[in-house]
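Open the model in your viewer and keep the selection panel at hand. Each stop says what to select, then what is there.

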Amino acid sequence: MEHSVELKGRDPVDRRPLLVTGKDASFHTVTQSVATLAGRKAGPGWYIVFGLSGLGVGLLLVSLAYLFWEGIGVWGNNNRVDWAWDITNFVFWIEIAHAGTLIAAILLLFRQKWRTSINRIAEGMTIFAVMAAAIFPAVHIGRPWFAYWLFPFPNQMEMWTNFKSPLEWDVFAVNTYLSIGVIFWYVGMIPDLGTLRDQAKSKIGKLAYGFFALGWRGSARQWVNYERACILLAGIATPAVFSTAGIVSLDFATSILPGWHATIFPPYFIAGAIFSGFCLCLNLLIMVRSIFNFKDLVTDRHIEICAKFILFTSIIMAYVYVIEFFTIFYSGNPYEKFWNWNRINGPYGWAYWAMVILNIAIPQTFWVKKWRNNVIWLFVAAILINIGMWLERFVLIVTTLSRTFLPSSWGYFIPSFWDISLFIGSIALFFHLFCLFVRYLPMVNMAEVKGVMPQADPHLKPDLNSHH
């Protein structure tokens with residue numbers, strides 16, 4: 001039986017700040033806050049974001065259609081900088097996707113209670129970022145209608161895949177990661193889909209939610225199996241994240257080009273994934289709080305903890321930037337030294353220094369509690385940091401390829417309209433899918449949020465304590 005508990009800002013059992021606030025916080029209010037949004041009439045904020053992102057998806061479709069018709073010559077790539085915005089955008093999106101599963105899986109394994117209000121949004125962010133990322137390796141091969149050759153299935157042409165190719169590694173990494181992410185996301189949603197089925201007013205809603213709820217009734221046996229499945233999937237997803245980020249980094253590290261041939265790349269990419277992913281997750285949390293008035297479920301404590309993680313990972317990134325200078329100096333390799341000089345003082349020096357300022361300097365403001373709790377500054381800072389992380393991938397790829405061993409092949413890459421439109425379209429696709437997610441599915445894990453409320457603690461018995 002649910003007891004009414006007087007909440008005064010702290011959990012009466014562990015004395016920590018509450019993860020669900022509001023003077024009327026109860027299991028019922030949590031259900032109503034989340035369930036009333038799914039499949040119901042949305043507010044004007046949702047329609048504005050959905051409409052603008054829909055226009056962006058239209059731009060994406062036009063860009064892809066023109067690209068298929070004319071070929072990748074419409075991009076600004078040239079004979080030297082043959083990887084440019086296409087692979088920059090791919091690495092940017094796939095690294096963001098890693099953070100969503102890390103937030104959901106690793107924090108679950110470590111039994112962090114504060115994850116309960118943000119894990120569903122982080123998991124959704126993973127799926128949509130992978131879908132945005134998958135566009136670029138598919139189209140940059142030049143003949144995307146032959147992309148099915150990348151998959152190792154028996155065929156009569158005997159066009160077997162080249163497992164030594166980094167492109168093939170990306171195919172396995174993306175598809176493995178997408179499969180695990182979707183299963184982890186869906187399994188965690190089953191209890192909430194059962195709740196939405198029972199709350200649905202329309203016949204179509206009851207049938208749809210009931211079909212995907214897989215007959216959920218909330219029995220003890222189902223809960224035991226559900227929790228086992230979540231832990232098992234979290235245990236599978238965690239090493240998958242590290243291996244996938246490592247595989248993407250090896251696309252570069254296995255080459256002989258100065259600036260790429262480095263053993264630090266796998267942990268470097270993993271740290272960057274967590275860094276950029278937490279920033280985008282913070283942006284989404286702040287938007288959800290503002291548009292749907294979820295301040296009682298996504299509290300200031302959640303926002304502050306995300307800011308602390310961003311600060312921590314920015315320090316790791318600063319260490320990586322410094323250690324790159326040390327390894328180049330210690331190696332004595334003249335080509336590495338030239339590459340380092342070129343990225344700082346060369347034609348793309350502006351991108352390098354912008355990257356350092358955005359990724360290292362801006363997060364240092366989070367040391368100050370006043371700035372760390374300023375939601376407007378956090379929102380702006382998270383956007384600026386992700387711009388910096390995109391510039392990091394740009395510097396890594398374009399700066400390296402623009403000046404390699406032969407000065408005769410040096411060049412300067414300038415993006416075309418179609419480079420820019422495709423990237424804008426991928427951003428729009430991400431937010432369009434996110435809008436559909438928050439409109440028709442539970443964006444907060446109701447079952448887990450209720451589990452961290454004081455009312456769920458078996459040691460709290462207000463009706464008995466009132467006699468003492």
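**Stop 1: two loop residues**

Select asparagine 293. It is exposed, with a relative accessibility of 60%. This is a predicted model. Asparagine 293 sits in the loop that links H8 to helix H9 (300–331). Now check its backbone: phi is positive, about 55 degrees, although the residue is not a glycine. Most residues other than glycine have a negative phi.

Is arginine 111 buried or exposed? It is exposed, at 61% relative accessible area. Phi of arginine 111 is near 55 degrees, again a positive value in a residue other than glycine.

**Stop 2**

Select phenylalanine 294. Which residues does phenylalanine 294 contact, leaving aside its neighbours within four places in sequence? They are Ser33, Val34, Leu37, Val288, Arg289, Met443 and Val444.

Now widen the view to the largest nonpolar core, which has 141 residues. Phe294 is among the residues with the most contacts inside this core, along with Trp93 and Met443. In soluble globular proteins, nonpolar side chains tend to be buried together.

**Stop 2: the largest cavity**

Select Trp46, Val49, Leu284, Met287, Val288, Ile291, Phe292, Phe431, Phe434, Cys435 and Val438. Together they line the largest cavity. The space inside is about 90 Å³. Val288, a contact of phenylalanine 294, is part of this lining.

Which elements supply at least two residues each to the lining of the largest cavity? H2, H8 and H14 do. H8 gives the most, with five residues. By class, the lining has 11 nonpolar residues, no polar ones and no charged ones. The structure holds seven cavities of 30 Å³ or more.

**Stop 3: the second largest cavity**

Move to the second largest cavity, with a volume of about 60 Å³. Select Tyr268, Tyr321, Glu324, Trp339, Arg343, Tyr352, Met355, Glu392, Val395 and Leu396 to show its lining. H9, helix H10 (334–345), helix H11 (349–361) and H13 each give two or more residues. H13 gives the most, with three.

Compare the lining of the largest cavity, which has no charged residues.

**Stop 4: the second largest pocket**

Now turn to the second largest pocket, with a volume of about 450 Å³. It has 20 lining residues; select the closest to its centre, which are Leu280, Asn283, Ile383, Ile427 and Phe431. The elements that give two or more residues to this lining are helix H2 (44–70), helix H3 (85–109), helix H8 (265–292), helix H13 (375–402) and helix H14 (417–440). The lining divides into 16 nonpolar, four polar and no charged residues.

**Stop 5: a cysteine pair**

Select cysteine 281 and cysteine 306. The structure holds zero disulfides. For cysteine 281, the nearest cysteine sulfur is that of cysteine 306, 5.3 Å away. Cysteine 281 is buried, at 0% relative accessibility. Cysteine 306 is buried too, with a relative accessible area of 0%.

**Stop 6: two long spans**

Select threonine 176, in helix H5 (residues 166–199). It is partly exposed, with a relative accessible area of 41%.

Finish at lysine 308, in helix H9. Lysine 308 counts as partly exposed, at 43% relative accessibility.

Definitions and conventions. Residues numbered from 1 in each chain as written. Predicted model: local features only at pLDDT ≥ 70, side-chain atom pairs only at ≥ 80, totals over all residues. Heavy atoms only, no water. 1 Å grid on protein atoms, 1.4 Å probe; cavity = no way out; pocket = protein on both sides within 12 Å on 5 of 7 lines; lining within 4 Å. Points joined across faces, edges and corners; volume = space filled by probe spheres on them. Helix = DSSP H or I, 4+ residues; strand = E, 2+ residues; numbered from the N terminus. Nonpolar A, V, L, I, M, F, W, Y, C, P; charged D, E, K, R; others polar. Core = buried A, V, L, I, M, F, W, Y, C linked by side-chain atoms within 4.5 Å. Buried < 20%, exposed > 50% of the residue type's maximum accessible area, 1.4 Å probe, protein only. Contact = heavy atoms within 4.5 Å. Disulfide = S-S within 2.5 Å.
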